[in-house]
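Please read these notes with the sequence and the model side by side. The points are numbered so that you can check them one at a time.

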Amino acid sequence: MKNKFSYLTWVWLLPLLYSCESKLTTFEIVGDTSAPAPISMSTVRSEALPGEIKLTWDAPEGNFTYLQIRYYDPHLKKDVYKIASKGTTEMVIEDTRARYGDYTFHFQTFNAAHQGGETGTVNAQSGPAPATTTVVSRTEIPLTADMLSTNAQEPSEGPIRNLIDKDPGTFFHTIWSGAAVPLPQYIQVDLKEPYENFLIWYQNRNDNTTDGRPSTADLQISNDGQNWETVAELSGLPSARSAEYTSDYVAPGKTFTHFRFSVTSISNGKTWFNMAELALYDVELAIFDPETDEE
């Protein structure tokens, strides 16, 4: 009885199998399946870029479908495979390190059937990977009125102490009622202790115009209040009422005890400027150097 059941089952399946087989499609390889022409390794050139290696080569005269470039990445601790199309003659290998010395690159062309041709190798080195800096924290530096001064105070309004009163409705104003002071006009801060990495924040006056806003300014530092060094140049500063501006961090590589916000051009061609609030921040930075630090 058992054998009879098996026989009947196969009899029933045979037409179904035949039907499925009749619907199978034969796939053909499209493209040249001849032996792929190799890259001439004498034409491969390398350029050490910051944290990168640029490879260039001459396209072979013979036919191939694509090029594979394989190398061992000591940072990732694994083999990496890159694919280049037939018309490509250069590739930039990113996230490399000078400290690893030679990278060995294996060039191999393939045909449409993914059959590889002759493999060639070349050694190349990376330029040093650039360090990255991030802001860990920023702390507002406490300022008092006796720390502030200017070379262009307007006598009738806008005393400089208004810059630190935490009231955006008040303002500081440089001179408009008498002879204009040639640019640059500055706000100076004489600090009580040395600082190094910093950024600034300020807020425009809350009025109904866009006149008299700093358009460009130099950030300057000093340790004696006499000799000044420009450590940053600001441009494209906002002119809208009450607009706020925060600078990028500045890392001069040295400490300072005196600071100047030195205005070098003013919106709408005015010879004076105004400002509602100003703050200095002490910045803590973290620097990561891929060439020396472990991730």
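1. Lys-77 is exposed, at 62% relative accessible area; here exposed means over 50%, buried under 20%, and partly exposed in between, with a 1.4 Å probe and protein chains only. Lys-77 sits in the loop between strand E3 (66–73) and strand E4 (78–85). Strands (E, at least two residues) and helices (H or I, at least four) are DSSP runs, numbered from the N terminus. Although Lys-77 is not a glycine, its phi is positive, about 60 degrees.

2. This is a predicted model, in which local features need pLDDT of at least 70 and side-chain atom pairs count only at pLDDT 80 or more, while totals for chains, interfaces and linings use all residues. Residues are numbered from 1 along each chain as its sequence is written, and side-chain values use heavy atoms, with hydrogens and water left out.

3. His-114 is not a glycine, yet its phi is positive at about 60 degrees. Its relative accessible area of 55% makes His-114 exposed.

4. Most residues other than glycine have a negative phi, and most peptide bonds are trans. The bond from Leu-183 to Pro-184 is cis, with omega near 5 degrees. Pro-184 belongs to the loop between strand E10 (172–173) and strand E11 (185–195).

5. For the whole protein, the count is 1 helix and 18 strands. Of its 295 residues, 39% are buried. The accessible surface comes to about 16,700 Å², and carbon and sulfur atoms hold 51% of that; the areas come from the Shrake-Rupley method with a 1.4 Å probe, and for residues only the protein chains shown count as cover. Among contacts (heavy atoms within 4.5 Å) with a separation of 6 or more, 71% are between residues 24 or more positions apart.

6. Strands of a sheet pair through backbone hydrogen bonds, either parallel or antiparallel. Strand E2 (residues 52–56) pairs with E5 over 5 bridges in the antiparallel sense. Lys-54 has Val-92 in E5 as its bridge partner.

7. What is the angle between the planes of Tyr-66 and Phe-110? Rings of Phe, Tyr and Trp (its six-membered ring) pair if their centres lie within 6.5 Å; planes under 30 degrees apart count as stacked, over 60 as edge-to-face, and the rest as tilted. By this rule there are 10 aromatic pairs. Tyr-66 and Phe-110 form a stacked one, with 5 degrees between the planes and 5.2 Å centre to centre. Tyr-66 lies in strand E3 and Phe-110 in strand E6, so this pair ties together parts that are 44 residues apart in sequence. Tyr-66 is buried at 18% relative accessible area, and Phe-110 is buried at 10%. Ring pairs also link Tyr-71, Tyr-103 and Phe-105 into a cluster.

8. Is Gln-188 buried or exposed? Gln-188, in strand E11, counts as buried at 8% relative accessibility. Its side chain makes a polar contact of 2.9 Å with the side chain of Asp-190. A polar contact is a pair of N or O atoms within 3.5 Å; within protein, one must be able to donate a hydrogen and the other to accept it, and residues adjacent in sequence count only if both atoms are side-chain atoms. Leaving aside neighbours within four places in sequence, Gln-188 is in contact with residues including Met-147, Trp-228 and His-258.

9. Gly-117 lies in strand E7 and counts as buried at 18% relative accessibility. Gly-117 and Ser-34 are 83 residues apart in sequence and 9.8 Å apart in space, C-alpha to C-alpha. Gly-169 lies in the loop between strand E9 (148–150) and E10, and is exposed at 56% relative accessible area.

Notes:
Pairing = 2+ DSSP bridges.
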